[in-house]
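Q: Can you show me how to read aromatic pairs and burial in a protein model? Please keep it brisk.

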Amino acid sequence: MGLYDFTCYDVICRNAETFRETIAWNEVDDGRSVTFAAFRDQVDRLAGGLQDSGISKGDRIGVLGKNSLEYFLVYGAAAALGAIVLPVNWRLSEEEVIFNLNDGEPRVLFVDREYQAMIRGALDRIPSVEHCRNLSGGGGFGDFNELLARGRGFREVDVFSDDGFVIIHTAAVGGRPRGALLSHNNLVFATMHLMQMMAITTTDVHLNLLPLFHVAGLTMALASFHAGAPTFNMGKFDAARAVELIEAKKISLMFDFSPILASLLEQQEKNGTDMGSLRAVVGLDTPETIESYQALSGGTFYAMYGQTETSCLATFGRYADRPGSAGKTVSAARVQLLNDNGQAVPTGEVGEIAVKGPMVFKGYWNLPDENAHTFRGGWHHTGDTARFDEDGFLWYVGRKPEKELIKPGGENVYPAEVEQVILEHPAVDETVVFGVPDPKWKEGIKAVCLIKPGEAPAPEDIIAFVGARIARYKKPQYVELVSELPRLDDGSPDRLEIKKLYGGEQV
């Protein structure tokens, strides 16, 4: 490790020395808790056990499971070893899980009990995996605690700030997910931004609801840990249990994607629970939900713009300062809005969001051509468009046509991937998929399908067909069956006209 490096493992070591016997992590499901000093001890023992089994710097460590203390310990052990965590979205289909694992080529894979049957049946298709381990809750793979027990001699490794730390797969473009490689430096800067902008201190209490395979879940958990604020971790979201925790444990922080906050407010109203301790919520939600939260609790909702590729953040601000905007550029970044020639557009005009700074990711795993395109001109081109107002607030507009993206409940879904699956349905001739406003998920998925002559499928059949083949959050909530589609001069479907005709609020 260099004199000027500061990694995620340094955060763990620093906190063990600074906060010592203060509680760092609480498991809601089984009541376990661990101090900052004990967390470092367990990280070192897990790192030693992994080292003993042949894992070294740069190796990938796969994780498939729900949030748990063990999951967070795997992140810590990887940070100590200089290994790279490959967290897999457990909502994906079996084929999607296998693709992501083969893309990252982990040598060891930690798996929750509920996913072990799937992995056991697929191991002959994942040749890089040498060992499978239980993640939490036991199971039929190698014992997690056995690694801890034998890992007494961790040998410190030279790990640098710019070394890769986690590969998070983003939504499929043209049918292929891309693994975004984030460094220690990326995540340390992201956590320090959240600590600064949300004023997180040791007096706060974080409720961990978002999955640790998601950049927002990981970043918020790391930020709270870094600040010395205890985390209460829920393996699975339960609104009734969550509002009880908020009242009983004086929860003050959480990250929100619609419909999480709305379900908490609904539960609060039903139970008469006091959520007044929840002083700060950051994320993406509807104006109605945000304003209800602020009125009922007196707390602050923080709006933002970011991607996995920007370590979650690029702009940030209090919703009340400019309702509807995504805040202002964070302190250690530059954001410009560019036209198609790579030139900055004037204030008030729409351009592609381009970012530079220490939170920009290292690139897509093993995709040099895509990296060259994404990083052209010395900027990360996000594929999203926005405008700046005269006061520097960013107003999100949408996605560029080549990167049209739908975000139901904070997940990323590319229309091309959903269209590819719908076209496998024997009754569908053509389809166009796009995002529409949705009261529950903020943005929903709609498919307009041109049906073959003589066919008459029910919309529910097409929805179920998609849900059986890819992750269920990617299936359309709305399907419209048509006998003709507007077309461009070349005969292809006119996507803009179709969206104009069939988009908007759904009845």
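Predicted model: local features only at pLDDT ≥ 70, side-chain atom pairs only at ≥ 80, totals over all residues.

Q: What describes a pair of aromatic rings?

A: The distance of the centres and the angle of the planes describe it. This structure holds 16 aromatic pairs. Take Tyr9 and Phe154. Their ring centres are 6.2 Å apart and their planes stand at 80 degrees, so this pair is edge-to-face.

Q: Where do Tyr9 and Phe154 lie?

A: Tyr9 is in helix H1, residues 8–18. Phe154 is in the loop between helix H6 (144–150) and strand E7 (164–173). The pair therefore ties together parts that are 145 residues apart in sequence. Both Tyr9 and Phe154 are buried.

Q: How are the rings of Tyr75 and Phe165 arranged?

A: Their centres are 5.9 Å apart, with planes at 55 degrees, so the pair is tilted. Tyr75 belongs to helix H3 (residues 69–81) and Phe165 to strand E7, so parts 90 residues apart in sequence are tied together. Tyr75 and Phe165 are both buried.

Q: Which residues do ring pairs link into a cluster?

A: Phe19, Trp25, Phe36, Phe39, Phe72 and Phe225.

Q: Which charged ends sit over a ring?

A: Look at Lys66: its charged end sits over the ring of Trp90, 4.5 Å from the ring centre. Another is Arg469, whose charged end sits over the ring of Phe465, 3.6 Å from the centre.

Q: Is Thr308 buried or exposed?

A: Buried means under 20% relative accessible area. Thr308 has 11% relative accessibility, so Thr308 counts as buried. Thr308 is found in the loop between strands E13 (300–305) and E14 (315–318).

How values were computed: Residues numbered from 1 in each chain as written. Heavy atoms only, no water. Helix = DSSP H or I, 4+ residues; strand = E, 2+ residues; numbered from the N terminus. Buried < 20%, exposed > 50% of the residue type's maximum accessible area, 1.4 Å probe, protein only. Phe/Tyr/Trp six-rings, centres within 6.5 Å; stacked < 30°, edge-to-face > 60°. Lys NZ or Arg CZ within 6 Å of the ring centre and 35° of its normal.
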